[in-house]
Amino acid sequence: MGLITETQNEYYSGNNHGSYQFISLQDLITQFEIAYVGEGKVISKIKRADISFFAQRALQELSFDTFKSIKSQEIEVPPSLQMILPHDYVGYTKLSSIDASGIKHTLYPTTDTNNPFQIKQNSDGSYFFGEETNVVNNFDFTVDLNASEWNFNSITFGNGAWDSTSFNSNANSGNGQYKFDYIKDTLQIVNQELEFSILWHNNAQNTGGSKAYGAWQRLDVSGTDIVTLKATAKSGDRQTDDSDNLLCDYGVVRVGLSTVNPGVGFELENGNIVNANHTNPYNTNYPSPNVDASRLNLGYAEWSDGTASQKELEDIDVSSYEEVWVYVQSFSPWQATAVTEASSGTQGGTVAILPTSSVNNTPQKNTVNEIQVLVDGLFPSLTENNEDGISSTWNKYKSITPTEDRNDNYDDDDHVYQANVGGRYGLEPSHSQINGSFYIDELRGKIHFSSNISGETVILDYISDSLGTDEEMQVHKFAEEAMYKHIAYAILSTSSNPLHQNLAGRIKRERFAATRQAKLRLSNIKLEELTQILRGKSKHIKH
């Protein structure tokens, strides 16, 4: 049966010209099975998929240094002076620019510059791993506490001071009870500040001082080693009476980090668990943790002198934790001299309470303006300074005029050789030309050209591994035998069958001979062309 199945009319009228010199990879595999696989043949048994794998590997290897490189691309170099490498590019054989006559002028690679990975750096020169991030929600208190992730004390009872009294009559018994209308402390956002408004404390356990309040928020620090705490706050002012007696010393407000959830609580020496919702610091069984600085075990900043300022704690180590809590504590050191005692009557009694209002009813106010817990960038790898991958080195290179265009070293229409007699001695040959230069950025898959190539037509001749589409996976008939030997040797050398191992040595030698023969055939040397070249050797001046 003939191999040519189309008529001459069909061939010359079609587009598949010159195809007879090639055999498709699938046909080659089929013919390998016929010739090499079966009973009494070189390979007794093997799957077609295995043959296909070794055939593709053979096609790759022979493409690199045996087959003729026939692939090329032509582009007009854009202002960016870049050309994208072809999708099946493995290596180039030649880069050329085209003149008005269509003649190729070789472009030479340069090793004096490249387009390095430009690392993005912070202002202090350290490497950038992402923007510094504040992980505190509602850090500047612009959102209502109930609508944010802050937890805080809910204040429902008065502390000690009262601004009036009232009488509740009992219609059933005809009796009534007198009670204090206590002034409640407050914990709220006022003018974008977290404000603790606190009056003096007075009960059976203590006279003076105040209740202690807290606000806390969970922070995710997984994957973080070091954080920075920044906070701006103000402690309340001192209060004195008309005789300059101290009623309340400067307020105390602390902002810090804890490894324990204040809302769950801390274990006491007596075995009890006390959480931040306990506000009475004088309760012997459940003293409020909101007054205890040791609960801020990762560090804290404190304001206790009546001033407002920003304070910062750096290099807080959280590498051992997945989560921590930012925790605010606030209380007021009211003195016993500020406490008003009732001269008559008690809460729930039948005797009228006097005086009807306590004396020192101006609360002390501790405020927190802003809390930030800053986490360094969490990018796992270095960041490139420019998103387009263009380094400052490349920007500088493409913005200059190449030296070969600035030096009058050439005897042509644009350059005067006579003015540079002897000026060409010692020049670097790769730079002694005006064609232009290039380098290949393998990392980003682009070719970069010198500025004098802008707008020029450039041809890239390149090597592919030939593993593209089915139509591209073809083998020249001059190299068909080399392919068979490559496949056979690869199968035999990887087989555990002793008979195959014995044959592998012979097939290896045959593979070498077939590959050498394919190179000679594909080199396609013509005697007339060689003779013409040799005739040029008779010229006296050759270089």
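I take axes as lines fitted to C-alpha atoms, for helices over the stretch in contact, with angles running from 0 to 180 degrees between N-to-C directions. Helices (H or I, at least four residues) and strands (E, at least two) are DSSP runs, numbered from the N terminus.

I worked on a predicted model, in which local features need pLDDT of at least 70 and side-chain atom pairs count only at pLDDT 80 or more, while totals for chains, interfaces and linings use all residues. Residues are numbered from 1 along each chain as its sequence is written, and side-chain values use heavy atoms, leaving out hydrogens and water.

**Entry 1: helix 2 and helix 3**

I looked up the packing of helix 2 (residues 25-36) on helix 3 and found an angle of about 125 degrees, the axes being 10 Å apart. Helix 2 is therefore oblique to helix 3; under 35 degrees would count as roughly parallel, over 145 as roughly antiparallel, 65 to 115 as roughly perpendicular, and the rest is oblique. Their crossing is right-handed, the near helix being turned clockwise from the far one by less than a right angle. From helix 2, I listed L25, Q26, I29, T30, F32 and E33, and from helix 3, R48, I51, S52, A55, Q56 and L59, as making the contact (heavy atoms within 4.5 Å). I sorted these residues into six nonpolar, four polar and two charged. Here Ala, Val, Leu, Ile, Met, Phe, Trp, Tyr, Cys and Pro count as nonpolar, Asp, Glu, Lys and Arg as charged, and the others, Gly among them, as polar.

**Entry 2: helix 3 and helix 6**

I next traced helix 3 (residues 48-65) to helix 6 (residues 480-493), where the axes come within 9 Å and cross at roughly 125 degrees. This pair is therefore oblique, and the crossing is right-handed. I found I51, F54, A55, A58, L59 and L62 of helix 3 meeting A482, M483, H486, I487, A490 and I491 of helix 6. By class, this contact has 11 nonpolar residues, one polar and no charged ones.

**Entry 3: I23**

I located I23 in strand 1 (residues 22-24). I23 has a relative accessible area of 7% and is therefore buried (under 20%; exposed is over 50%, partly exposed in between, with a 1.4 Å probe and protein chains only). V475 is 452 residues from I23 in sequence, yet their C-alpha atoms are 5.3 Å apart. Beyond neighbours within four places in sequence, I23 contacts L28, Q31, Q474, V475 and E480.

**Entry 4: R295**

I placed R295 in the loop between strand 21 (273-274) and strand 22 (300-303). R295 counts as buried because its relative accessibility is 19%. Not counting residues up to four places away in sequence, R295 touches S258, F266, E267, L268, P289, Y327 and Q329.
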